[in-house]
Amino acid sequence: VEWVGDKLGSETVSRWGRNIQDACAETSKRTGQQKEYDSSTASEYQTQQMADILASFSLGLKSQAQTIEIYAKQTVERYFDSLTAAISGAMGDSTMVRSLISQKNIVVGNIDGKLRDVLAKRVSLTDSECSKILKMPAGRDKETAMNQFGHKVIQEGVNALSDSVSKSLDAVC
């Protein structure tokens, strides 16, 4: 996300990327400090503590994810508005223009929650890859593994958002 912001010349998007990286690093650090966690043998306290750490990751990124989704919606809306204005200028208020306006609403509606949902589902006690990391002994290796996992999940979320928009635009075309 930071790279996209840098390429677009948008300090706001770059800042979102840095905030996402900071949240990932903080969760990794906190996870790395925890002893091995196995859901089948953990106490209720241990489970709650680990769930809180993981939830803080998703909650910490919730506002950034929402902002990225809003930015994606605005970009799609600008694209469709430019397209419909060009077609309307050439053809007047045609069925095609009305169809594009409807399609814009569908594409924009498909953006909601794409990034946030991936973050919430993957960074959880029920995710097998996350559970494997939580079973590691406390230390630098666990912190590194969690950091890599966090970045992977963020990338999966961004890809899910991108794929959703791309598929919707392909359907419109």
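Let's start with how α3 and α7 pack. Their axes sit 12 Å apart, at an angle of about 25°. Axes here are lines fitted to C-alpha atoms, for helices over the stretch in contact, and angles run from 0 to 180 degrees between N-to-C directions. So α3 is roughly parallel to α7. The cut-offs are these: under 35 degrees is roughly parallel, over 145 roughly antiparallel, 65 to 115 roughly perpendicular, and the rest oblique. The crossing of α3 and α7 is right-handed. In a right-handed crossing the near helix is turned clockwise from the far one by less than a right angle; anticlockwise makes it left-handed.

A word on the source. This is a predicted model, where local features need pLDDT of at least 70, side-chain atom pairs count only at pLDDT 80 or more, and totals for chains, interfaces and linings use all residues. Residues are numbered from 1 along each chain as its sequence is written, and side-chain values use heavy atoms, with hydrogens and water left out.

Back to the helices. α7 covers residues 140-172, and α3 covers residues 44-91. Helices are DSSP runs of H or I, at least four residues, and strands are runs of E, at least two, numbered from the N terminus. Which residues of α3 meet α7? Among them are Leu54, Phe57, Leu61, Ile68, Val76 and Phe80. On the α7 side, the residues include Met146, Gly150, Ile154, Leu161 and Val165. Contact means heavy atoms within 4.5 Å.

Now α4 against α7. These axes come within 9 Å and cross at roughly 165°. Therefore α4 and α7 are roughly antiparallel to each other. The crossing of α4 and α7 is right-handed. From α4, Leu100, Gln103, Val107, Asn110 and Ile111 take part. They meet Leu161, Ser164, Val165, Ser168, Leu169 and Val172 in α7.

Thr27 is in helix α2, residues 11-32. Is Thr27 buried or exposed? Thr27 is buried, at 5% relative accessibility. Buried means under 20% relative accessible area, exposed means over 50%, and partly exposed is in between, with a 1.4 Å probe and protein chains only. Leaving out residues up to four places away in sequence, Thr27 touches Ile53, Ser56, Phe57 and Met146.

Thr84 is the second one. Thr84 sits in α3, and counts as buried at 10%. A polar atom of its side chain lies 3.1 Å from the backbone oxygen of Asp81. Beyond four places in sequence, Thr84 touches Val97, Leu100 and Ile101.

That brings us to Asp81. Asp81 is also found in helix α3. Asp81 is partly exposed, at 38%.

Asp81 lies in α3 and Lys104 in α4, so the pair ties together parts 23 residues apart in sequence. Lys104 is buried, at 16%. A salt bridge is a side-chain nitrogen of Lys or Arg within 4 Å of a carboxyl oxygen of Asp or Glu. Side chains of opposite charge can pair when their charged atoms come close.

How many salt bridges are there by this rule? The count is 8. One of them joins Asp112 and Lys73, at 2.4 Å, N to O. This pair links distant parts of the chain, 39 residues apart. Asp112 is in the loop between α4 (95-111) and α5 (114-122), and Lys73 is in α3. Asp112 is partly exposed, at 43%.

Another salt bridge joins Arg122 and Glu129, at 2.8 Å, N to O. Arg122 is buried, at 15%, whereas Glu129 is partly exposed, at 28%. Which residues form a network of salt bridges? Arg122, Asp127, Glu129, Lys152 and Glu156 are linked in one.

Last, Lys152. Lys152 lies in α7, and is partly exposed, at 37%. Leaving aside neighbours within four places in sequence, Lys152 is in contact with Arg122 and Glu129. From Leu83, Lys152 is 69 residues away in sequence and 35 Å away in space, C-alpha to C-alpha.

Technical notes
Polar contact = N/O pair within 3.5 Å; in protein donor to acceptor, adjacent residues only side chain to side chain.
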